[in-house]
Amino acid sequence: MSVIGDALRRLDLNDVPVATMTGRLIGVTGILLESIGCPLETGQRCLIETSSGEWIQAQMVGFRREVSFLMPFKKPVGLLAGARVQAAPQTSSLMIGESWLGRIVNGLGEPMDDLGPLGGDKPLAAAPPKINPLRKQPVVEPLDIGVRAINGLLSLGKGQRVGLFAGSGVGKSVLLGMITRNTSADIVVVGLIGERGREVREFVDHSLGAEGLAKAVLVVAPADESPLMRLNATELCHSIAAHYRDQGHRVLLLVDSLTRYAMAQREVALALGEPPATRGYPPSVFGLLPNLAESAGNGENPQGSMTAIYTVLAEGDDQQDPVVDTARAILDGHIVLSRQLAERGHFPAIDIAQSVSRCMSQISSGEHNAVSRQIKALLSRYREVRDLIPLGAYVPGIDAETDRAVRLFPRIEAYLQQAVNEAAPLTDSLADLKALLQ
(Lines give C-alpha, C1' and ligand atoms only; values in the text may rest on other atoms or scores of the structure.)
Protein backbone atom coordinates (compact mmCIF):
# COMPACT_ATOMS: atom_id res chain seq x y z
CA MET A 1 0.00 0.00 0.00
CA SER A 2 2.90 2.35 0.68
CA VAL A 3 4.10 1.99 -2.91
CA ILE A 4 0.64 2.84 -4.25
CA GLY A 5 0.41 5.75 -1.85
CA ASP A 6 3.75 7.15 -2.98
CA ALA A 7 2.68 6.84 -6.60
CA LEU A 8 -0.57 8.69 -5.91
CA ARG A 9 1.29 11.47 -4.10
CA ARG A 10 3.65 11.89 -7.09
CA LEU A 11 0.74 12.00 -9.55
CA ASP A 12 -0.11 15.50 -10.73
CA LEU A 13 -3.83 15.63 -11.46
CA ASN A 14 -3.23 18.55 -13.82
CA ASP A 15 -1.56 16.11 -16.22
CA VAL A 16 -4.64 13.87 -16.37
CA PRO A 17 -6.91 14.88 -19.28
CA VAL A 18 -10.52 15.29 -18.23
CA ALA A 19 -11.79 15.30 -21.84
CA THR A 20 -10.61 14.63 -25.39
CA MET A 21 -11.37 17.32 -27.95
CA THR A 22 -12.95 15.60 -30.94
CA GLY A 23 -13.80 17.21 -34.26
CA ARG A 24 -15.66 15.99 -37.32
CA LEU A 25 -14.67 15.45 -40.92
CA ILE A 26 -16.86 17.61 -43.15
CA GLY A 27 -15.21 17.43 -46.57
CA VAL A 28 -12.75 15.64 -48.82
CA THR A 29 -11.44 17.37 -51.94
CA GLY A 30 -8.67 15.45 -53.66
CA ILE A 31 -5.81 15.20 -51.19
CA LEU A 32 -7.25 17.87 -48.89
CA LEU A 33 -9.48 17.03 -45.93
CA GLU A 34 -11.63 19.52 -44.00
CA SER A 35 -12.63 19.26 -40.36
CA ILE A 36 -14.27 21.39 -37.68
CA GLY A 37 -14.53 21.20 -33.91
CA CYS A 38 -10.98 20.10 -33.10
CA PRO A 39 -8.57 22.99 -32.46
CA LEU A 40 -5.25 22.27 -34.18
CA GLU A 41 -2.08 24.26 -34.76
CA THR A 42 -0.47 24.54 -38.17
CA GLY A 43 1.93 21.65 -38.59
CA GLN A 44 0.31 19.65 -35.79
CA ARG A 45 -0.45 16.00 -36.42
CA CYS A 46 -3.89 14.49 -35.90
CA LEU A 47 -5.78 11.21 -36.24
CA ILE A 48 -8.84 10.53 -38.42
CA GLU A 49 -11.15 7.56 -37.87
CA THR A 50 -12.02 5.36 -40.84
CA SER A 51 -15.10 3.21 -41.45
CA SER A 52 -13.20 0.13 -40.25
CA GLY A 53 -12.43 1.72 -36.90
CA GLU A 54 -8.75 2.32 -37.69
CA TRP A 55 -7.08 5.72 -37.40
CA ILE A 56 -4.97 7.34 -40.12
CA GLN A 57 -2.40 10.03 -39.43
CA ALA A 58 -2.65 13.48 -41.00
CA GLN A 59 -1.20 16.93 -40.52
CA MET A 60 -2.84 20.33 -40.27
CA VAL A 61 -1.59 22.39 -43.24
CA GLY A 62 -3.90 25.41 -43.12
CA PHE A 63 -7.26 26.79 -42.00
CA ARG A 64 -9.98 29.21 -43.02
CA ARG A 65 -12.15 30.57 -40.20
CA GLU A 66 -13.26 27.53 -38.16
CA VAL A 67 -12.40 24.96 -40.86
CA SER A 68 -9.06 23.16 -40.55
CA PHE A 69 -7.39 21.78 -43.67
CA LEU A 70 -5.73 18.41 -43.15
CA MET A 71 -3.53 16.29 -45.37
CA PRO A 72 -2.93 12.56 -44.73
CA PHE A 73 0.52 11.01 -44.79
CA LYS A 74 -0.77 7.87 -46.48
CA LYS A 75 -3.56 7.21 -48.95
CA PRO A 76 -6.86 7.71 -47.11
CA VAL A 77 -9.26 4.77 -47.51
CA GLY A 78 -12.64 4.37 -45.84
CA LEU A 79 -13.32 7.97 -44.83
CA LEU A 80 -16.88 8.95 -43.98
CA ALA A 81 -18.64 12.27 -43.55
CA GLY A 82 -18.67 13.09 -39.85
CA ALA A 83 -15.70 10.84 -39.02
CA ARG A 84 -13.99 11.69 -35.75
CA VAL A 85 -10.86 13.84 -35.80
CA GLN A 86 -8.54 14.04 -32.78
CA ALA A 87 -5.19 15.64 -32.08
CA ALA A 88 -2.43 13.03 -32.11
CA PRO A 89 -0.94 12.31 -28.69
CA GLN A 90 2.31 14.10 -27.97
CA THR A 91 4.78 11.24 -28.27
CA SER A 92 8.50 11.45 -27.83
CA SER A 93 10.62 12.17 -30.89
CA LEU A 94 12.46 9.54 -32.86
CA MET A 95 15.57 8.12 -31.21
CA ILE A 96 18.62 7.89 -33.43
CA GLY A 97 22.08 6.39 -33.13
CA GLU A 98 24.71 4.36 -34.96
CA SER A 99 22.17 1.53 -35.31
CA TRP A 100 20.47 3.53 -38.10
CA LEU A 101 23.41 2.88 -40.43
CA GLY A 102 22.50 0.36 -43.12
CA ARG A 103 18.77 0.89 -42.58
CA ILE A 104 15.94 2.05 -44.87
CA VAL A 105 13.10 4.18 -43.46
CA ASN A 106 10.09 6.05 -44.79
CA GLY A 107 9.22 9.72 -44.35
CA LEU A 108 7.97 9.13 -40.80
CA GLY A 109 11.15 7.35 -39.69
CA GLU A 110 9.48 3.93 -39.76
CA PRO A 111 11.69 0.99 -40.90
CA MET A 112 10.91 -0.44 -44.34
CA ASP A 113 13.55 -3.18 -44.51
CA ASP A 114 11.96 -5.74 -42.15
CA LEU A 115 15.06 -5.72 -39.94
CA GLY A 116 13.27 -4.85 -36.73
CA PRO A 117 13.21 -1.66 -34.65
CA LEU A 118 15.75 1.03 -35.39
CA GLY A 119 16.92 1.73 -31.87
CA GLY A 120 18.93 4.78 -30.89
CA ASP A 121 20.08 6.64 -27.80
CA LYS A 122 19.57 10.30 -28.75
CA PRO A 123 16.38 12.16 -29.74
CA LEU A 124 16.18 13.26 -33.38
CA ALA A 125 15.09 16.85 -33.89
CA ALA A 126 11.87 17.28 -35.86
CA ALA A 127 13.61 19.84 -38.10
CA PRO A 128 17.30 20.60 -38.74
CA PRO A 129 18.60 23.20 -36.28
CA LYS A 130 18.90 26.76 -37.52
CA ILE A 131 22.50 27.95 -37.17
CA ASN A 132 23.73 31.52 -37.07
CA PRO A 133 25.63 31.99 -40.35
CA LEU A 134 28.49 33.64 -38.46
CA ARG A 135 28.93 30.46 -36.38
CA LYS A 136 29.02 28.04 -39.30
CA GLN A 137 32.37 26.45 -39.99
CA PRO A 138 33.80 27.60 -43.35
CA VAL A 139 34.42 25.30 -46.30
CA VAL A 140 38.21 24.92 -46.27
CA GLU A 141 38.96 21.22 -46.91
CA PRO A 142 38.28 19.09 -50.00
CA LEU A 143 36.02 16.04 -49.77
CA ASP A 144 37.02 12.94 -51.70
CA ILE A 145 34.00 12.02 -53.83
CA GLY A 146 35.63 9.05 -55.52
CA VAL A 147 34.72 10.27 -59.02
CA ARG A 148 37.74 11.38 -61.05
CA ALA A 149 36.05 14.13 -63.10
CA ILE A 150 34.63 15.78 -59.97
CA ASN A 151 37.75 15.38 -57.83
CA GLY A 152 40.00 16.80 -60.52
CA LEU A 153 38.01 19.56 -62.25
CA LEU A 154 35.04 20.26 -59.95
CA SER A 155 36.49 19.66 -56.48
CA LEU A 156 33.94 19.77 -53.67
CA GLY A 157 34.61 20.93 -50.13
CA LYS A 158 33.36 19.62 -46.81
CA GLY A 159 30.17 21.58 -46.16
CA GLN A 160 29.52 22.58 -49.77
CA ARG A 161 26.04 22.28 -51.31
CA VAL A 162 25.91 21.33 -55.00
CA GLY A 163 23.19 20.67 -57.55
CA LEU A 164 23.40 17.72 -59.96
CA PHE A 165 21.40 18.89 -62.99
CA ALA A 166 20.22 16.15 -65.33
CA GLY A 167 17.40 15.09 -67.57
CA SER A 168 15.88 11.65 -67.37
CA GLY A 169 18.00 8.64 -68.33
CA VAL A 170 21.48 10.17 -68.35
CA GLY A 171 22.93 8.22 -65.43
CA LYS A 172 22.36 10.36 -62.34
CA SER A 173 21.29 7.41 -60.15
CA VAL A 174 24.37 5.43 -61.19
CA LEU A 175 26.57 8.45 -60.43
CA LEU A 176 24.98 8.81 -57.00
CA GLY A 177 25.70 5.15 -56.31
CA MET A 178 29.34 5.61 -57.31
CA ILE A 179 29.65 8.61 -55.00
CA THR A 180 28.04 6.74 -52.10
CA ARG A 181 30.39 3.76 -52.42
CA ASN A 182 33.62 5.68 -53.08
CA THR A 183 33.39 8.83 -50.96
CA SER A 184 35.64 9.33 -47.96
CA ALA A 185 32.70 10.62 -45.89
CA ASP A 186 32.02 8.69 -42.69
CA ILE A 187 28.25 8.56 -43.17
CA VAL A 188 26.05 8.99 -46.24
CA VAL A 189 22.38 9.93 -45.95
CA VAL A 190 20.40 9.24 -49.13
CA GLY A 191 16.91 10.54 -49.79
CA LEU A 192 15.00 8.92 -52.67
CA ILE A 193 12.12 11.35 -53.06
CA GLY A 194 9.36 10.88 -55.62
CA GLU A 195 11.18 8.20 -57.63
CA ARG A 196 9.56 5.12 -59.14
CA GLY A 197 9.17 2.30 -56.66
CA ARG A 198 11.10 -0.05 -58.95
CA GLU A 199 14.13 2.24 -58.84
CA VAL A 200 14.37 2.06 -55.05
CA ARG A 201 15.27 -1.63 -54.98
CA GLU A 202 17.52 -1.24 -58.03
CA PHE A 203 19.39 1.62 -56.36
CA VAL A 204 19.91 -0.42 -53.19
CA ASP A 205 21.01 -3.63 -54.96
CA HIS A 206 22.93 -2.35 -57.97
CA SER A 207 23.90 1.32 -57.57
CA LEU A 208 24.54 1.25 -53.81
CA GLY A 209 25.53 -2.31 -53.05
CA ALA A 210 26.34 -3.85 -49.69
CA GLU A 211 29.48 -1.76 -49.30
CA GLY A 212 27.66 1.54 -49.79
CA LEU A 213 24.65 0.54 -47.69
CA ALA A 214 26.81 -0.32 -44.69
CA LYS A 215 27.63 3.35 -44.03
CA ALA A 216 24.38 4.85 -45.34
CA VAL A 217 20.90 5.71 -44.12
CA LEU A 218 18.19 5.66 -46.79
CA VAL A 219 14.98 7.67 -46.50
CA VAL A 220 12.49 6.58 -49.15
CA ALA A 221 9.25 8.23 -50.32
CA PRO A 222 8.32 6.85 -53.78
CA ALA A 223 6.12 8.63 -56.30
CA ASP A 224 2.94 6.89 -55.06
CA GLU A 225 3.31 8.40 -51.59
CA SER A 226 1.33 11.50 -50.62
CA PRO A 227 2.95 14.90 -51.23
CA LEU A 228 3.08 15.43 -47.47
CA MET A 229 5.08 12.23 -47.04
CA ARG A 230 7.52 13.34 -49.76
CA LEU A 231 7.97 16.70 -48.04
CA ASN A 232 8.46 15.06 -44.65
CA ALA A 233 10.97 12.53 -46.05
CA THR A 234 13.12 15.30 -47.55
CA GLU A 235 13.19 17.23 -44.29
CA LEU A 236 13.88 14.02 -42.34
CA CYS A 237 17.01 13.47 -44.49
CA HIS A 238 18.34 16.84 -43.41
CA SER A 239 17.55 16.20 -39.74
CA ILE A 240 19.39 12.85 -39.83
CA ALA A 241 22.41 14.35 -41.61
CA ALA A 242 22.51 17.33 -39.23
CA HIS A 243 22.44 14.99 -36.22
CA TYR A 244 25.46 13.01 -37.40
CA ARG A 245 27.23 16.23 -38.37
CA ASP A 246 26.78 17.67 -34.89
CA GLN A 247 28.15 14.42 -33.45
CA GLY A 248 31.44 15.12 -35.25
CA HIS A 249 31.05 12.92 -38.35
CA ARG A 250 31.85 13.83 -41.94
CA VAL A 251 28.43 13.47 -43.56
CA LEU A 252 27.45 13.44 -47.22
CA LEU A 253 23.76 14.09 -47.94
CA LEU A 254 22.37 12.97 -51.31
CA VAL A 255 18.80 14.02 -52.18
CA ASP A 256 17.21 12.61 -55.33
CA SER A 257 15.52 14.81 -56.20
CA LEU A 258 15.01 18.46 -55.26
CA THR A 259 12.54 18.81 -58.14
CA ARG A 260 10.22 16.16 -56.67
CA TYR A 261 10.34 18.06 -53.38
CA ALA A 262 9.29 21.24 -55.20
CA MET A 263 6.51 19.34 -56.99
CA ALA A 264 5.21 17.98 -53.68
CA GLN A 265 5.06 21.50 -52.24
CA ARG A 266 3.29 22.64 -55.42
CA GLU A 267 0.59 19.99 -54.90
CA VAL A 268 0.07 21.08 -51.30
CA ALA A 269 0.02 24.80 -52.12
CA LEU A 270 -2.37 24.46 -55.06
CA ALA A 271 -4.72 22.29 -52.99
CA LEU A 272 -4.82 25.07 -50.39
CA GLY A 273 -5.77 27.59 -53.07
CA GLU A 274 -2.44 29.35 -53.55
CA PRO A 275 -2.29 30.93 -57.02
CA PRO A 276 0.19 29.42 -59.51
CA ALA A 277 3.04 31.64 -60.68
CA THR A 278 6.05 30.56 -62.76
CA ARG A 279 5.16 27.46 -64.83
CA GLY A 280 2.49 26.48 -62.34
CA TYR A 281 4.74 26.69 -59.27
CA PRO A 282 3.22 28.82 -56.47
CA PRO A 283 5.42 31.46 -54.80
CA SER A 284 5.75 29.39 -51.61
CA VAL A 285 7.87 26.83 -53.50
CA PHE A 286 10.60 29.38 -54.20
CA GLY A 287 10.59 30.42 -50.54
CA LEU A 288 10.82 26.84 -49.32
CA LEU A 289 13.80 25.79 -51.45
CA PRO A 290 16.27 28.28 -49.88
CA ASN A 291 15.13 27.26 -46.38
CA LEU A 292 15.88 23.64 -47.20
CA ALA A 293 19.28 24.39 -48.74
CA GLU A 294 20.33 26.61 -45.85
CA SER A 295 19.62 23.79 -43.38
CA ALA A 296 22.48 21.86 -45.03
CA GLY A 297 26.15 22.76 -44.84
CA ASN A 298 28.51 22.91 -41.89
CA GLY A 299 27.48 23.55 -38.30
CA GLU A 300 29.23 24.90 -35.21
CA ASN A 301 31.17 21.70 -34.45
CA PRO A 302 34.58 22.01 -36.17
CA GLN A 303 34.96 18.21 -36.18
CA GLY A 304 31.81 17.54 -38.21
CA SER A 305 30.77 18.53 -41.71
CA MET A 306 27.69 18.12 -43.90
CA THR A 307 28.14 18.19 -47.66
CA ALA A 308 24.96 18.06 -49.75
CA ILE A 309 24.35 17.03 -53.36
CA TYR A 310 20.84 17.62 -54.74
CA THR A 311 19.75 16.16 -58.04
CA VAL A 312 17.62 18.59 -60.05
CA LEU A 313 15.57 17.28 -62.97
CA ALA A 314 15.87 19.49 -66.03
CA GLU A 315 12.57 18.68 -67.75
CA GLY A 316 13.21 18.39 -71.46
CA ASP A 317 16.90 19.18 -70.71
CA ASP A 318 15.79 22.79 -70.14
CA GLN A 319 18.45 24.54 -68.06
CA GLN A 320 16.10 27.54 -67.67
CA ASP A 321 13.45 25.54 -65.79
CA PRO A 322 12.38 27.62 -62.73
CA VAL A 323 13.49 24.97 -60.21
CA VAL A 324 16.81 24.54 -62.05
CA ASP A 325 17.33 28.30 -62.13
CA THR A 326 16.48 28.70 -58.44
CA ALA A 327 18.76 25.81 -57.41
CA ARG A 328 21.61 27.27 -59.46
CA ALA A 329 21.25 30.56 -57.55
CA ILE A 330 21.02 29.18 -54.00
CA LEU A 331 23.60 26.37 -54.15
CA ASP A 332 27.40 26.48 -54.08
CA GLY A 333 27.87 25.05 -57.54
CA HIS A 334 26.27 22.80 -60.12
CA ILE A 335 27.27 19.68 -62.04
CA VAL A 336 25.49 19.27 -65.39
CA LEU A 337 24.97 15.85 -66.96
CA SER A 338 24.79 16.01 -70.75
CA ARG A 339 22.46 13.85 -72.84
CA GLN A 340 24.81 14.21 -75.82
CA LEU A 341 27.66 12.68 -73.81
CA ALA A 342 25.42 9.88 -72.55
CA GLU A 343 24.34 9.05 -76.09
CA ARG A 344 28.02 8.73 -77.06
CA GLY A 345 28.59 6.27 -74.19
CA HIS A 346 30.60 8.79 -72.19
CA PHE A 347 29.93 8.05 -68.50
CA PRO A 348 29.68 9.74 -66.13
CA ALA A 349 28.17 12.19 -68.61
CA ILE A 350 29.48 15.33 -66.85
CA ASP A 351 29.63 18.44 -69.02
CA ILE A 352 32.70 20.16 -67.58
CA ALA A 353 32.15 23.38 -69.54
CA GLN A 354 28.67 23.97 -68.07
CA SER A 355 29.57 22.86 -64.54
CA VAL A 356 31.20 24.86 -61.78
CA SER A 357 32.26 24.43 -58.16
CA ARG A 358 32.15 27.80 -56.41
CA CYS A 359 34.28 26.61 -53.52
CA MET A 360 37.05 24.98 -55.56
CA SER A 361 39.35 28.01 -55.53
CA GLN A 362 39.41 28.11 -51.71
CA ILE A 363 39.90 24.39 -51.05
CA SER A 364 42.42 23.48 -53.78
CA SER A 365 46.08 24.42 -54.18
CA GLY A 366 47.19 27.06 -56.63
CA GLU A 367 48.79 24.45 -58.86
CA HIS A 368 45.63 22.35 -58.91
CA ASN A 369 43.50 25.35 -59.86
CA ALA A 370 45.94 26.37 -62.60
CA VAL A 371 45.98 22.89 -64.15
CA SER A 372 42.18 22.70 -63.96
CA ARG A 373 41.82 26.01 -65.80
CA GLN A 374 44.20 24.84 -68.53
CA ILE A 375 42.22 21.62 -69.05
CA LYS A 376 38.95 23.55 -69.28
CA ALA A 377 40.50 25.99 -71.75
CA LEU A 378 41.68 23.10 -73.94
CA LEU A 379 38.22 21.54 -73.87
CA SER A 380 36.72 24.86 -74.94
CA ARG A 381 39.21 25.16 -77.81
CA TYR A 382 38.42 21.64 -78.98
CA ARG A 383 34.68 22.33 -78.98
CA GLU A 384 35.21 25.24 -81.35
CA VAL A 385 36.67 23.00 -84.05
CA ARG A 386 35.02 19.69 -83.18
CA ASP A 387 32.45 19.89 -85.99
CA LEU A 388 35.09 20.87 -88.53
CA ILE A 389 37.33 17.82 -88.07
CA PRO A 390 35.00 15.19 -89.67
CA LEU A 391 34.46 17.51 -92.65
CA GLY A 392 38.18 17.98 -93.20
CA ALA A 393 37.80 21.72 -92.74
CA TYR A 394 40.19 21.90 -89.80
CA VAL A 395 43.72 22.74 -90.91
CA PRO A 396 46.50 22.03 -88.37
CA GLY A 397 49.33 24.50 -87.92
CA ILE A 398 47.28 27.69 -87.91
CA ASP A 399 46.90 27.94 -84.12
CA ALA A 400 49.29 26.09 -81.80
CA GLU A 401 46.91 26.06 -78.81
CA THR A 402 44.09 24.62 -80.89
CA ASP A 403 46.44 21.96 -82.25
CA ARG A 404 47.38 21.09 -78.68
CA ALA A 405 43.70 20.81 -77.70
CA VAL A 406 43.01 18.43 -80.59
CA ARG A 407 46.07 16.34 -79.77
CA LEU A 408 45.32 16.04 -76.04
CA PHE A 409 41.54 15.60 -76.31
CA PRO A 410 41.58 11.75 -76.39
CA ARG A 411 43.61 11.68 -73.17
CA ILE A 412 41.34 14.26 -71.50
CA GLU A 413 38.23 12.36 -72.56
CA ALA A 414 39.64 9.12 -71.16
CA TYR A 415 40.38 10.91 -67.89
CA LEU A 416 36.79 12.14 -67.62
CA GLN A 417 35.32 8.66 -68.07
CA GLN A 418 35.09 6.13 -65.27
CA ALA A 419 33.67 2.64 -64.93
CA VAL A 420 30.85 2.03 -62.48
CA ASN A 421 32.91 -0.29 -60.26
CA GLU A 422 36.08 1.85 -60.45
CA ALA A 423 37.16 4.03 -57.52
CA ALA A 424 39.22 7.17 -58.12
CA PRO A 425 40.68 8.55 -54.86
CA LEU A 426 41.41 12.26 -54.65
CA THR A 427 45.21 11.90 -54.63
CA ASP A 428 45.18 9.66 -57.71
CA SER A 429 42.74 11.98 -59.48
CA LEU A 430 45.05 14.98 -58.97
CA ALA A 431 48.16 13.06 -60.04
CA ASP A 432 46.45 11.86 -63.24
CA LEU A 433 45.22 15.40 -63.91
CA LYS A 434 48.72 16.86 -63.79
CA ALA A 435 50.03 14.05 -66.01
CA LEU A 436 47.62 15.09 -68.79
CA LEU A 437 49.65 18.22 -69.58
CA GLN A 438 53.07 16.65 -69.37
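Contact here means heavy atoms within 4.5 Å. By that rule, W100 touches L94, M95, V105, G109, L118, G119, L124, A216, V217, I240 and Y244, leaving aside residues up to four places away in sequence. The model is predicted. It holds 13 helices and 16 strands, and buried residues make up 51% of its 438 residues.

**Overall build**
- Along the principal axes, the C-alpha atoms fill a box of roughly 100 × 50 × 40 Å.
- The accessible surface comes to about 20,600 Å². Carbon and sulfur atoms account for 54% of that surface.
- Take the contacts between residues at least 6 apart in sequence: 71% of them join residues at least 24 apart.
- The protein carries 42 positive and 48 negative charges, and their mean positions are 2 Å apart.

**Nonpolar cores**
- The largest nonpolar core has 54 residues. W100, I240 and L253 have the most contacts inside it.
- Helix α5 (residues 227–246) gives the most to this core, with ten residues.

**The eight-strand sheet**
- Eight strands form an open sheet with mixed pairing. Their order is β8-β12-β11-β13-β14-β10-β15-β16.
- β8 (103–105) and β16 (356–357) stand at the edges. Each has a single partner strand, so one side of each is left without a neighbour in the sheet.
- β10 and β14 run parallel, joined by six bridges. R161 stands opposite A308 in β14.

**Helix α3**
- Helix α3 (residues 172–182) is mostly covered, with eight of its eleven residues buried.
- The buried residues are K172, L175, L176, G177, M178, I179, T180 and R181.
- These buried residues pack against two helices, α2 (148–153) and α4 (197–214). They also pack against strands β10 (161–166), β11 (187–193), β13 (250–256) and β14 (305–313).

- Strand β2 (residues 32–36) runs antiparallel to β5, joined by three bridges. L33 has L70 of β5 as its bridge partner.
- Strand β4 (residues 55–64) also pairs with β5 in the antiparallel sense, over six bridges. G62 stands opposite F69 in β5.
- β4 and β5 form a hairpin with two residues between the strands. In this hairpin, R65 takes a positive phi near 55°.

**V323 in helix α8**
- V323 is found in helix α8 (residues 322–330).
- Buried means under 20% relative accessible area. V323 has 0% relative accessibility, so V323 counts as buried.
- Setting aside residues up to four places away in sequence, V323 touches T259, A262, Y281, L289 and V312.
- V323 and R279 are 44 residues apart along the chain, and their C-alpha atoms are separated by 9.8 Å.

Note on methods
Residues are numbered from 1 along each chain as its sequence is written. This is a predicted model: local features need pLDDT of at least 70, side-chain atom pairs count only at pLDDT 80 or more; totals for chains, interfaces and linings use all residues. Side-chain values use heavy atoms; hydrogens and water are left out. Helices (H or I, at least four residues) and strands (E, at least two) are DSSP runs, numbered from the N terminus. Buried means under 20% relative accessible area, exposed over 50%, partly exposed in between (1.4 Å probe, protein chains only). Accessible areas come from the Shrake-Rupley method with a 1.4 Å probe; for residues, only the protein chains shown count as cover. Lys and Arg count as positive and Asp and Glu as negative; His and the chain ends are not counted. The place of a charge is taken as NZ of Lys, CZ of Arg, CG of Asp or CD of Glu. A nonpolar core is a set of buried Ala, Val, Leu, Ile, Met, Phe, Trp, Tyr and Cys residues joined through side-chain atoms within 4.5 Å. Two strands pair if DSSP finds at least two bridges between them.
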